[in-house]
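I opened this notebook to record what I looked up in the model, entry by entry, with the cut-offs written beside each term.

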Amino acid sequence: MAKQYEDLGSLKGPAFTDHTFQHYSEMNLDRIYMDYNATTPLEPEVIQAISDALQDAWGNPSSSYIAGAKAKAIINQSRENVARMVGGKAEDIIFTSGGTEANNLVLHTAVEHFRRSCRAAEEGGGQQNGSSDLPHIITSNVEHDSVKLVAEHLQKEGKADVTYVPVSKVTARVEVEDILAAVRSNTCLVSIMLANNETGVIMPLPEICQRIKRLNRQRERLQILLHTDAAQAVGKIPVHACELGVDYLTIVGHKFYAPRIGALYVNGPGTRTPVYPMLFGGGQERNFRPGTENTPMIAGLGKAIFKDKIHFNSHFPGSDVLPNTCNVSILGPTLQGWRVLSSCRRLLASVGAACHSDSGNRPSHILLSCGVPSERAANALRLSVGRGTTKADVDAVVEDLRETVQLLEDML
């Protein structure tokens, strides 16, 4: 048994590419890592982004000198990247130390908001929903400990009532009707994870949010806030906060090849959706989460997500897409679709429909009609796979595109 634990320090396997793990020279080739839900290795581009930030953007982001200005610019760009990945705006993103802090912040906010709402109602002489009761939180019985243990602590300290809705033993999902049945007049928060870390089951968040919002329209004052811990979903499936209908969404970097840092999406923090800080200090993150920003880790988080270049043109709210079709733009002044394809060594694809190939190098009118900006449409590639396409083919195409983009950018 001791030997087994010693071997854990020398994990490697064919599932890891050489370029990803060249810095792990001690890794043992006969090991195959299959614990990605626990943590993921850093992408080489992420490591480079962190290294660059440590070297060039070491200044305090709140300072006006060059190193500080660089740090601020990196943080702003990373905030944009993170927001884009979850369908939000840059101002909706609050960087945190990780998912645990983000989840704690949500539960803390819900309880504090309930307390302040009750006080305001009493001072105004009105009747607040459940004002004589403790705030009530609804969650499931399969949540991560960073939700479960916080809820248990609030319950133990007499600060909140909590209902743990059990998941179905048939589907392993929490059932929408069970959530609705648990709602009380003093319910202030529903917190349900998007995907479970052990079973991989995806919870019916859109349906839950729709039904809760319908209830909210019938409530006089206290609105039920909606939160999802999306730690296991981001980077594995499309995650769009607005489509889900949540007020809060937790993001965890080390689950998708980024560093151990987190972020909290809040739908209009401090305006449409309340946020009450747990920490007090220098005013960073608009006072919602003060403390000098960890620029290199934030840079790594932003790089792992979109790597500053990729924009998918086939993701439209409320619309499903063919599973074999991907329309994507690689952003950059020399990366027009026709130029990229003519420079690829292996990829055979198109910039649009074959029957419109006589349109020359003009952007696709289909994309323009769908609201895709002209500059982005000009860089579009239409990639579609068939029955004979293998994962190895996809990997080869990604590498071909990576090399081509590097070549074209080096020509600038």
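Predicted model: local features only at pLDDT ≥ 70, side-chain atom pairs only at ≥ 80, totals over all residues.

Residues are numbered from 1 along each chain as its sequence is written, and side-chain values use heavy atoms, with hydrogens and water left out.

**Entry 1: overall**

I took helices (H or I, at least four residues) and strands (E, at least two) as DSSP runs, numbered from the N terminus, and on that basis the protein has 13 helices and 10 strands. Of its 412 residues, 45% are buried. With contact meaning heavy atoms within 4.5 Å, I found that, among contacts with a separation of 6 or more, 66% join residues 24 or more positions apart. The exposed surface comes to about 21,400 Å², of which carbon and sulfur atoms supply 53%; these areas come from the Shrake-Rupley method with a 1.4 Å probe, and for residues only the protein chains shown count as cover.

**Entry 2: the nonpolar cores**

I used "nonpolar core" for a set of buried Ala, Val, Leu, Ile, Met, Phe, Trp, Tyr and Cys residues joined through side-chain atoms within 4.5 Å. Which members of the largest core touch the most others? In this core of 47 residues they are Ile 179, Val 190, Ile 212, Leu 249 and Leu 301. A second, separate core has 24 residues, including Phe 114, Leu 189, Val 266 and Val 275.

**Entry 3: helix H7**

Buried in H7 are Leu 205, Ile 208, Cys 209, Ile 212 and Asn 216. They cover an arc of only 95 degrees around the axis, which puts them on the same side of H7, the arc being that of the directions from the helix axis to the C-beta atoms. Their cover includes H6, strand E4 (187-191), strand E5 (225-229) and H8.

**Entry 4: helix H5**

I repeated the check on H5 (residues 145-156), where 12 residues should span 16 Å and the end C-alpha atoms are 15 Å apart, which agrees. Its buried residues are Ser 146, Val 147, Val 150, Ala 151 and Leu 154. Seen down the axis of H5, they fall within an arc of 125 degrees, so they line one face of the helix. They pack against helix H4 (99-123), strand E2 (136-140), E3, E4 and E5. Just after H5, Gly 158 takes a positive phi of about 70 degrees.

I counted aromatic pairs among rings of Phe, Tyr and Trp (its six-membered ring) whose centres lie within 6.5 Å, with planes under 30 degrees apart counted as stacked, over 60 as edge-to-face and the rest as tilted; the count comes to 2. For Tyr 36 and Tyr 257 the ring centres are 6.3 Å apart and the planes stand at 50 degrees, so the pair is tilted. Tyr 36 lies in the loop between helix H1 (2-7) and helix H2 (44-56) and Tyr 257 in the loop between strand E6 (248-252) and strand E7 (262-266), so the pair ties together parts 221 residues apart in sequence. Tyr 36 is partly exposed at 22%, and Tyr 257 is partly exposed at 32%.

Tyr 257 also has a positive phi, near 70 degrees, though it is a residue other than glycine. Ala 172, likewise not a glycine, has a positive phi of about 65 degrees, and is found in the loop between strand E3 (161-165) and helix H6 (176-182).

**Entry 5: Glu 293**

Is Glu 293 buried or exposed? At 11% relative accessibility, Glu 293 counts as buried. It lies in the loop between E7 and helix H9 (295-306). Not counting residues up to four places away in sequence, Glu 293 touches Pro 61, Lys 72, Ile 75, Gln 284, Glu 285 and Ile 298.

Definitions and conventions: Buried < 20%, exposed > 50% of the residue type's maximum accessible area, 1.4 Å probe, protein only. Expected span 1.5 Å × (residues − 1).
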